[in-house]
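Okay, thanks for coming, everyone.

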Amino acid sequence: MKCQSCDTELMPKKRDGVEMEVCPSCDGMWLSRQELSQLEDKAFDFGDDEKGSLMLGSSPTTHKCPQCGKFMNSFQYRLYELEMLFCEDQHGFWLEADEDKRVLELMKKEEANLARTVLAEDRFAAHLRYLRSGSFMDKIHDLAIAAIDPRSKPRF
Ligand SMILES: [Zn+2]
Ligand SMILES: [Zn+2]
């Protein structure tokens with residue numbers, strides 16, 4: 001396979017722990033859907049279901065798929081400011097030099113946001129458990145008695 005941008009023969013290479021085809025001349029990268037997913041998983045632990053949409057819409061380009069030569073489409077990677085090319089016949093995704101690092105960066109951020117949401121939900125659930133717990137109702141009850149009978153003192 002040849003680089004879609006400079007026509008150099010792509011070489012298999014391991015980057016970020018993922019096997020991909022890399023252009024030795026311009027450092028462009030060619031990844032299958034699975035390899036792209038593997039790359040994301042290096043920075044994101046919540047699994048595919050939590051990653052959100054990979055692409056919403058795409059536009060045609062004149063860049064050719066290294067595998068089948070068909071014109072590729074470009075799309076905005078997970079709605080971030082990162083343009084990627086892909087072959088509609090699902091041959092793969094084209095990343096420019098160092099865009100693999102951008103993917104890792106974005107997925108790391110995504111993971112941190114998700115972790116915060118999960119944590120906030122946990123706190124809210126704990127708060128609800130507290131409100132429903134017997135001890136809370138007892139306190140309300142004691143307060144009500146204290147209000148009616150000035151001699152009884154609230155116990156907290
Ligand atoms: Zn190249
Ligand atoms: Zn193709």
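I'll go from the overall layout to the sheet, then the core, and then the helices.

First the housekeeping: this is a predicted model, so local features need pLDDT of at least 70 and side-chain atom pairs count only at pLDDT 80 or more, while totals for chains, interfaces and linings use all residues. Residues are numbered from 1 along each chain as its sequence is written, and chains are lettered from A and ligands numbered from 1 in the order in which they are written.

We have three helices and seven strands in the chain, where helices (H or I, at least four residues) and strands (E, at least two) are DSSP runs numbered from the N terminus. Going along the sequence, the pattern reads β-β-β-α-β-β-β-β-α-α. Of the 156 residues, 19% count as buried; buried means 20 or more other C-beta atoms within 10 Å of the residue's own, exposed means 12 or fewer, partly exposed is in between, and the C-beta atoms are placed from the backbone.

Now the sheet. It's an open one with seven strands in the order β1-β2-β3-β7-β6-β5-β4, paired antiparallel. Pairing here requires that DSSP finds at least two bridges between two strands. β1 and β4 (59–64) are the edge strands, each pairing on one side only. On average, neighbouring strands are turned by 40° against each other, direction ignored.

Let's step through from the β1 end. β1 and β2 are antiparallel over five bridges, and Lys13 stands opposite Met20 in β2. The two strands make a hairpin with two residues between them, and Asp16 in that turn has a positive phi of about 55°. Next, β2 and β3 run antiparallel with two bridges, and Glu21 has Trp30 in β3 as its bridge partner. That's a hairpin too, with six residues between the strands and a positive phi of about 65° at Asp27 in the turn. Then β3 pairs antiparallel with β7 over three bridges, where Trp30 partners Trp94 in β7. As for β2, that strand is mostly covered, with four of its five residues buried.

So what sits in the largest nonpolar core? It has 23 residues, and Leu31, Met84, Phe93 and Trp94 have the most contacts inside it. At least two core residues come from each of β2 (18–22), β3, α1, β6 (83–86), β7 and α2. A nonpolar core, by the way, is a set of buried Ala, Val, Leu, Ile, Met, Phe, Trp, Tyr and Cys residues joined through C-beta atoms within 7 Å. Leaving out residues up to four places away in sequence, Leu31 touches Met20, Leu36, Leu39, Gly92, Phe93 and Leu95; a contact is two C-beta atoms, placed from the backbone, within 7 Å.

On to the helices. α1 lies across β2, β3 and β7, at about 125° to β2; axes are lines fitted to C-alpha atoms, for helices over the stretch in contact, and angles run from 0 to 180 degrees between N-to-C directions.

And α2, residues 99–132: its 34 residues reach 50 Å from first C-alpha to last, close to the 50 Å expected at 1.5 Å a residue, with the expected span being 1.5 Å times one less than the number of residues.
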